[in-house]
Structure formats: C-alpha cells, structure tokens
Amino acid sequence: MIYATVEYNGEQKICCVDRAGDRAFLIEHFFLSEGLSCPADMLDFIASYKDEYTDELAMFFGTRPDLAVCLDEVRLLAPIPVPRRNIVCLGKNYEDHVKEIKGITGGSANIPKVPIYFTKATHTVIGPDEIILRHDNCTEQLDYEVELAVIIGKNGINILPEDAENYVFGYTIANDVSARDLQKDHSQWFKGKSLKSHCPMGPWILHKSQAPFPVEFDIKCYINGEIRQESNTRNLIFDIPAIISDLSRGYELQPGDIILTGTPAGVGLGAVPPVFLGAGDEICCAIEGIGSLFNVVEE
Ligand code: MG
C-alpha cells in the first residue's frame, strides 16, 4: 500500500495511491464506511495505524472503483508536510561517499565506527515539484543528496535490531539539500542542513508491507537529466536495524519521526572541481520501488 498526503479541492487529505491505475482513494471514505472518524492528517494516521488496515483498505477500495480520483486531480504534498520533530539524519553512511568527501568537510576517509547524527529543522520540508530556495544571501554552495527516508510507526526506546522492523511504518525519498559553505563555516552541520525548503520529500510513503527487509533498493539522483548518484541501499554502512537500535538507545522514537539514512557518492562537493547547484537546475531523486521526487532550484 502507498499512502500520500495530497491537496484536493483546496483541502489537505490523505489517500491510498494505486500507481498502476494512476488513481488515488481518499481514506476518509474507508473510515466513514466503518463509522469511525478519519485521522486528521498523516501523523494522526500513522499514530493510530492498525496492521489490519493494510488489507482492509486494499479490499475496500478494490470493491469501490467509483470512489477513485485521478492522480491528475490531486496535488501531491510532502507525505508529512510538517513533521512534529526535527528530521534525524545520518552523515557518511555509504563508503563511497565517505571517500569522496574525505578532508573536505573536516572529516577523514575512515569509515565511521558509530553512526554520525545531525538534524534538519522541520521548515526544511517541501513536497514534490516545489521550489528549492537558493538563499543566495547566505550560501553559494548548494548541493544535493538523495536519501532513503524511514518513517517510524510507533513509540519505542532501547529497540533491539531484530525488533526494528516492527517500529518502521514505511519509506519515502528525501533530498538532503546542503549549503556546503555553511556546513563548513559553522563546524556543526545544523545550519548548513536546515535552510528553509532544503528537505524535499515524497512523492508518498511506501508502506513497509510492500518492501523487503532489509531494504535493498536502487537509489539514484539526476541533475538536469544527467545521472550523478547511483547505488543501492544494501550498501548502507549502518543498516536500518542498526540505526534504529543505536538511535533508540536512550532516545525515544515517536510515530511520524523521519530518519534520513545517508547519501551515496556523486554529490556536487565530491566532484573535481566541485559542482554546485544553480538557478533553474532540475533534480530528480529516484528510489526503486518507491518512485521519483522532482524539484527545481529557484530561478
Ligand atoms: Mg545527507
């Protein structure tokens, strides 16, 4: 099952998406039919999710094609347009990326022995087709990073690696847009990673029931149609069970939390000489099994 947040007739709704049929089904129809109140938004839906919904929603909409809305009639938003907490990110979590940036951001070529964490502010999130702001009053080194994003499904602390999948809700695509000069100038990465509009996300959430575990998806990023990043999520240094168990040690995960799992080689900073994003550049982040996330840099 694929879940999306959309704008439909001027209102924000959550829906199931049938990619093959180019259709969306507003989930409010399902809850109404059950005599239940519909979750207010994606965060509410995730927090109140019951495993049986996966089959029940598929069955309900399978018998009610009359309720379908053409995907063209809705505007896809970020799956969680306003996260409740900062987005947790992994730095240096693909070996080829560690090597390409050695020395540049003050780091070494050594593979991290423990996960490197930082966060992005919630105002960084934008949806598919939205504009990435250049912020040229404070940065001249805008860069892209395609990443698999994990959406947490339920509360948990001190989670064992073997239980990690139980805490996952699903997966989406994120672009960890980075202002490299700010990242370097301020030592701590928070500001360079947190400029407004610098976390495009979407186009929807692939529920975990539709994904293998561990997740092994091809991951790619194209700039103006040219492929720049290409790997597979099996190449993560710290895989999803390792991340969830390490992060949750003493840190409570909550439903709707978002974890960006790191980016493979091919970022602009790693090129010789570095190549940064400019006005009008088109970025397509693609992850097998999920889809594509397309955004343009502000003119
Ligand atoms: Mg990143």
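View 1. Tyrosine 222 is partly exposed, with 19 other C-beta atoms within 10 Å; the term covers the range between buried (20 or more other C-beta atoms within 10 Å of a residue's own) and exposed (12 or fewer), with C-beta atoms placed from the backbone. Do keep in mind that this is a predicted model, where local features need pLDDT of at least 70 and side-chain atom pairs count only at pLDDT 80 or more, while totals for chains, interfaces and linings use all residues. Residues are numbered from 1 along each chain as its sequence is written. Tyrosine 222 belongs to strand 15, residues 218–223; strands (E, at least two residues) and helices (H or I, at least four) are DSSP runs, numbered from the N terminus. Setting aside neighbours within four places in sequence, tyrosine 222 is in contact with Ile227, Arg228 and Cys284, where contact means C-beta atoms, placed from the backbone, within 7 Å. Between the C-alpha atoms of tyrosine 222 and aspartate 44, 178 residues apart along the chain, lie 33 Å.

**View 2. Strand 9 beside strand 19.** Here strand 9 pairs with strand 19 (residues 291–297) in the parallel sense, over two bridges. If you zoom in, you will find isoleucine 132 opposite valine 297 of strand 19.

**View 3. Where the two domains meet.** The domain assignment, automatic or from a database, gives domain 1 (2–76) and domain 2 (87–297). Their centres, taken over C-alpha atoms, are separated by 27 Å. Across the boundary, ten residues of domain 1 are in contact with 14 residues of domain 2. On the domain 1 side, strand 1 (2–8) and helix 2 (42–47) are the elements that give two or more residues. The residues on that side divide into nine nonpolar, one polar and no charged, counting Ala, Val, Leu, Ile, Met, Phe, Trp, Tyr, Cys and Pro as nonpolar, Asp, Glu, Lys and Arg as charged, and the others, Gly among them, as polar.

**View 4. Stepping back to the chain.** Seven helices and 19 strands make up its secondary structure. Buried residues account for 45% of the 299 residues.

Key:
Pairing = 2+ DSSP bridges. Contact = placed C-beta atoms within 7 Å.
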